[in-house]
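Please consult the sequence and structure shown below while reading.

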Amino acid sequence: MSRTRTAGLPGWLYAPAALGAAFVLLPLVAIVAKVDWANFLDLITSESSRAALALSLRTSAASTALCVLIGVPMALVLARTTFPGQRILRSLVLLPLVLPPVVGGLALLYTFGRRGLLGHTLEVLDIRIAFSTIAVVLAQTFVSLPFLVVSLEGSLRTAGDRYETVAASLGARPTTVLRRITLPLVLPGLLAGAVLSFARAMGEFGATITFAGSLQGVTRTLPLEIYLQRESDPDAAVALALVLVVVAVLVIAWLRPERAAR
Amino acid sequence: MTTSRRAPFLAAVLAALVATTSLAACGSDDSGSTKEKTLTVFAAASLTGTFTELGKKFEADHPGVKVTFNFAGSSDLVSQITEGAPADVFASADTKNMDKLAAADLDGQEPENFASNTLEIVTPPGNPEKIATFADLARKGVDLVICAPEVPCGSAARTVASSAGVTLKPVSEEQSVKDVLAKVAAGEAEAGLVYVTDVKAAGDTVDGIVFPESSSAVNLYPITTVKDSKNADLAAAFVQLVLGSVGQGVLSAAGFARP
């Protein structure tokens, strides 16, 4: 069998590509090399580490659920309807994606804080958000919502509305179409978006420390614990950092492009 | 079809990378001026105001010399120096971190204490919870914010509380004294424990309450030159400026006490 000539890539491209790969992978190797393996289990199972990990898992699950609850309707409205100002609204809704998380935290503080926009209303209702686990969930939802909306809206647009039109012409009501046609069709995209949101919530730092504070078991999530442990126990910080790296690797494995494109 | 399907996914992943890398970026600046001599001073964050002023005085006294600062938490600074960051002078907010530098054999001369700082209660303007004593901080319904015990201001708070026999129940243990101050100034917390100098620097945005129990935890500020400094003479001169009458005047104006 003779080799067919394909366009191929210019040879010089491989050097910068390899450099780029090394730039991403080397820090990961460095952190693995820095781990104190002999005490690894003790370090990640200490009381404060377990509290931080449990809190992170709990709050990230809650914020992912919240993202699905409000993000799916948002994506549907953005993908399936047209209204004036839609493009601007879409850009604004996606803003937390590129906003520095600290800025997001400040914005949340000025909204839900005691002297914030809704502060008085919340006080009347006797709801206290600052320094509570709810604040952590709000911060995480704020930064991870766009991930779900972006990936689901993409899936909706790619799936198109042919089947929905057919179902509607056969007499299915909008809710039935949504439940039986649209959502099953975009389920992979929805799952991918939810996993991305969860990962982003697990890694949330800036908005949480600005808006929610830091108290063991209440608001001190894994990234905050890592940042604090760095001061007194760098070994524990590195061990916990590795836990977050493993979570990230699992997320990427779950989101393998073939899987997302399926 | 495949590419158009992947495009949103890739966009999302890229955005994820952008968003997550913006975690706390610690600023360590590297000055590369060619003609002037540059003196690099690593100093605790609480020294930002006073040392910036002293730097200007030093530049005026030494034409052709530029003083650049790296202000951060003392433990961050020590780890930066031991990892090889180019520093000429190191001023720490506690002796513990200075000891770490000495343990790494990187102190250029015997460290000397140049100032001290104690804790003060801080409240939003008008003191809505009418805090008057240290014991009031433990009162039910007072939202108290202090530093985490891992950082110097938090270990000081813990020492003061245990010697006063008061059990503090903070709603948050912050990363740094500035975070405590910000949450009190924003009105989110009703009381906090910060340094005397922080209250002074915050001006009208907060009220300060001095309390006698604070004397049980006095934070000493040591300073030294860094070994292998390329500007050893200038570094020693800067240390002398801080220890001398000019430095002491600037420090006491900012609320620092003598060591």
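Is the crossing of α12(A) and α13(A) left-handed or right-handed? The crossing is left-handed; that term applies if the near helix is turned anticlockwise from the far one by less than a right angle, and right-handed applies if clockwise.

The model is predicted, so that local features need pLDDT of at least 70 and side-chain atom pairs count only at pLDDT 80 or more, while totals for chains, interfaces and linings use all residues. Residues are numbered from 1 along each chain as its sequence is written, chains are lettered from A and ligands numbered from 1 in the order in which they are written, and side-chain values use heavy atoms, with hydrogens and water left out. Helices (H or I, at least four residues) and strands (E, at least two) are DSSP runs, numbered from the N terminus.

**Helix pair in chain A**

The axes of α12 (residues 222-232) and α13 (residues 234-254) of chain A come within 7 Å and cross at roughly 155°. This makes α12(A) roughly antiparallel to α13(A), a term for angles over 145 degrees, whereas those under 35 count as roughly parallel, 65 to 115 as roughly perpendicular and the rest as oblique. Axes are lines fitted to C-alpha atoms, for helices over the stretch in contact, and angles run from 0 to 180 degrees between N-to-C directions. Residues of α12(A) including A:Leu222, A:Ile226 and A:Arg230 meet residues of α13(A), among them A:Ala237, A:Leu240 and A:Leu244; contact means heavy atoms within 4.5 Å. By class, the contact of α12(A) with α13(A) has 10 nonpolar, 2 polar and 2 charged residues. Here Ala, Val, Leu, Ile, Met, Phe, Trp, Tyr, Cys and Pro count as nonpolar, Asp, Glu, Lys and Arg as charged, and the others, Gly among them, as polar.

**Strands in chain B**

In chain B, 5 strands form an open sheet of mixed pairing in the order β7-β6-β8-β5-β9. Strands β7 (172-174) and β9 (207-209) of chain B stand at the edges, each with a single partner strand, so one side of each has no neighbour in the sheet. Neighbouring strands of this sheet are turned by 35° against each other on average, direction ignored. Helix α5 (residues 152-164) of chain B lies across β5, β6 and β8 (191-195), running at about 95° to β5(B). Helix α6 (residues 177-185) of chain B lies across β5, β6, β7 and β8, at about 145° to β8(B).

Strand β10 (residues 219-225) of chain B is mostly covered, with 6 of its 7 residues buried; buried means under 20% relative accessible area, exposed over 50% and partly exposed in between (1.4 Å probe, protein chains only).

| Strand pair | Bridges |
|---|---|
| β3(B) and β10(B) | 3 bridges |
| β4(B) and β10(B) | 5 bridges |
| β5(B) and β9(B) | 3 bridges |

In β10(B), B:Ile223 is the bridge partner of B:Ala91, and B:Tyr221 that of B:Ala115.

**Loop residues**

A:Phe131 is not a glycine, yet has a positive phi of about 65°; A:Phe131 counts as buried at 7% relative accessibility. B:Asn127, in the loop between β5 (119-123) and β6 (144-147) of chain B, likewise has a positive phi, of about 50°. B:Asp136 lies in the loop between β5 and β6 of chain B and is buried, with a relative accessible area of 15%.

Technical notes
Pairing = 2+ DSSP bridges.
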